Amino acid sequence: MCVESDGCELEGCGSSDEVRTLSGSMSPTLRSSPDLRSCRPGQKFRAALLKCKSPVAAAGILSFGNVLNYMDRYTVAGVLLDIQKHFTVTDSEAGLLQTVFICSFMVAAPIFGYLGDRFNRKIILSCGIFFWSVVTLSSSFITKEYYWLFVLSRGLIGIGESSYSSISPTIIGDLFTNNTRTMMLSVFYLAIPLGSGLGYILGSSAKEAAGDWHWALRVSPVLGITAGTLILFFVPEPKRGSADHAAGRLKTPWTCDMKALAKNRSYVFSSLASAAVSFATGAFGVWIPQYLFRAQVVQKSVVPCTQEPCSSKDSLIFGAITCVTGLLGVLIGAATTRLCRQKTERADPLVCAVSMLGSAIFICLIFVVAKKSIVGAYICIFIGETLLFLNWAITADILMYVVIPTRRATAVAFQGFTSHILGDAGSPYLIGLISDNLQKSYPGSDLWKFLSLGYALMLCPFVIVLGGMFFLATALFFLDDREKAERQ
């Protein structure tokens, strides 16, 4: 028997010794009483909703929202060549779209981190996802005379998406512990490469189907509104630290939180390593399809794009590769970490370090083989991205281990701020700017346009190696910081 909080009896809603209130809390066994009355249909519906508010269902919904977050982010990259032709902009101006998005994202993230540690998280998530959905849809109607307005819209979308990325991992962290939490966070962060890849596929496919790239921006908003509604109805608001049996034990001022995070060496070094990953993925996400298209122009297998719609084959292939490598990377990362934990307690940062250093090797090879073999370049991209994506979920798990529950949203937000301001906030624009300046030496040369972008992208493997070094530094302090967090 189950009993609603207002004293009515619900039929067929559990075992005879279970009592559940609408808030989801459990209470001692109650027995049927003559005072209990049958529930009205509306109350039965609300009780049915409670059954759907399981931790696994919540994690699935939050992961779905994360897929949409990144799908929307990279839909623009999937039709970037068309956007350049439509608005008549240079490489650096095209890269500015992603830079403005990330800058607004990282500025808003600490604000949402503060709010997420103190107010209802699922309300903030839903409002954020509704906001970016509406702005994305509106931006698809901007005309070619107002490129600055299109850039501004990407900044507003960044604000909406920052609320989601800052807060949603902390809900999963409060619903699960240990290896289960690692698995659920792996699923959640699998959404990053999966959503990014689907963004390219969605952008390319919608453009091809409609014959107009603007339609690429009109699909994800509908899905976003759906996700926001699901979060409101089916995602619980767990007490902070409840999964760690630490709810409400430690509440500190924001300034105290920031000082503690700054002294947390594992958190600082893993955040810097995360910035290196963001630098590379941000630059690659915007420019690799363009680079491969230019490689084919040099090989005379395609002709340069002079008018819309441009070929989207490379965006489509790169999106599919990103989806597959994201899936493989997150799964291999979770399995490898679980296996290595049996041998060393420093497994998390060490697995990240090795994967980063291995990734740098194959990413370097992309620029060696692309001029002669597009297939060889795709193989290098596949292996390099798989190794790079190994560490996404593991990095989040490191944070959950070394940061106490009541400041995790702040920690996630500032890790996002650091990774963006040092990473993908500037990398797309920086790569485009270097490419533009190099092209001035031989303007009009297709070969030099290809080489210029390749030379600019060669900055990425060096940054990835630096990130591997930061993960090694994290390994030095990981055990001490984890023990300190457990004591608190």
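What follows is a description of a predicted model, beginning with the protein as a whole.

## The whole protein

The secondary structure of this predicted model comes to 18 helices and 3 strands. The protein has 488 residues, and buried residues make up 57% of them. If we look at the contacts in the protein with a separation of 6 or more, we find that 83% of them are accounted for by residues 24 or more positions apart.

## The space inside

The structure holds 3 cavities of 30 Å³ or more, and in the largest cavity there is about 580 Å³ of space. This largest cavity is lined by 37 residues, of which Tyr70, Tyr189, Ile192, Ser278 and Trp392 are the closest to its centre. When the lining of the largest cavity is sorted by class, it has 20 nonpolar, 14 polar and 3 charged residues. Helix H15, which covers residues 408-424, gives the largest share of this lining, with 7 residues.

| Helix | Residues | Number of residues | Span | Expected span |
|---|---|---|---|---|
| H8 | 220-234 | 15 residues | 21 Å | 21 Å |
| H17 | 446-457 | 12 residues | 17 Å | 16 Å |

In H8, the buried residues are Ser220, Pro221, Gly224, Ala227, Gly228, Ile231 and Phe234. In H17, the buried residues are Trp448, Phe450, Ser452, Leu453, Gly454, Ala456 and Leu457.

Which helices do the buried residues of H17 pack against? They pack against helix H10 (265-298), helix H12 (347-369), helix H16 (427-439) and helix H18 (459-487).

Valine 351 has its place in helix H12. Is valine 351 buried or exposed? Its relative accessible area is 9%, which is under the 20% limit, and therefore valine 351 counts as buried. Apart from its neighbours within four places in sequence, valine 351 is in contact with Thr336, Thr337, Cys340, Leu390 and Ile394. One of these, leucine 390, is 39 residues away from valine 351 in sequence, while the two are 8.2 Å apart in space, C-alpha to C-alpha.

Arginine 346 is placed in the loop between helix H11 (313-340) and H12. With a relative accessible area of 28%, arginine 346 is partly exposed. Leaving aside its neighbours within four places in sequence, we find arginine 346 in contact with Ala475, Leu476, Phe477, Phe478 and Leu479. Between arginine 346 and phenylalanine 478 there are 132 residues of separation in sequence, yet the distance in space, C-alpha to C-alpha, is 6.7 Å.

Leucine 430 belongs to helix H16, and this leucine is partly exposed, with a relative accessible area of 32%. Once its neighbours within four places in sequence are left aside, leucine 430 is in contact with Phe279 and Leu459. Leucine 430 and threonine 99 are 331 residues apart in sequence, and their C-alpha atoms are 9.2 Å apart in space.

Phenylalanine 462 is found in helix H18. Is phenylalanine 462 buried or exposed? Its relative accessible area is 59%, which is over the 50% limit, so phenylalanine 462 is exposed. The C-alpha atoms of phenylalanine 462 and isoleucine 361 are separated by 9.8 Å, although the two residues are 101 residues apart along the chain.

Methods: Residues are numbered from 1 along each chain as its sequence is written. This is a predicted model: local features need pLDDT of at least 70, side-chain atom pairs count only at pLDDT 80 or more; totals for chains, interfaces and linings use all residues. Side-chain values use heavy atoms; hydrogens and water are left out. On a 1 Å grid over the protein atoms alone, a cavity is a set of points where a 1.4 Å probe fits but cannot get out, and a pocket is an open set with protein on both sides within 12 Å along at least five of seven lines; lining residues have an atom within 4 Å of a point. Grid points are joined across faces, edges and corners, and a volume is the space filled by probe spheres set on the points. Helices (H or I, at least four residues) and strands (E, at least two) are DSSP runs, numbered from the N terminus. Ala, Val, Leu, Ile, Met, Phe, Trp, Tyr, Cys and Pro count as nonpolar, Asp, Glu, Lys and Arg as charged, and the others, Gly among them, as polar. The expected span of a helix is 1.5 Å times one less than its number of residues. Buried means under 20% relative accessible area, exposed over 50%, partly exposed in between (1.4 Å probe, protein chains only). Contact means heavy atoms within 4.5 Å.
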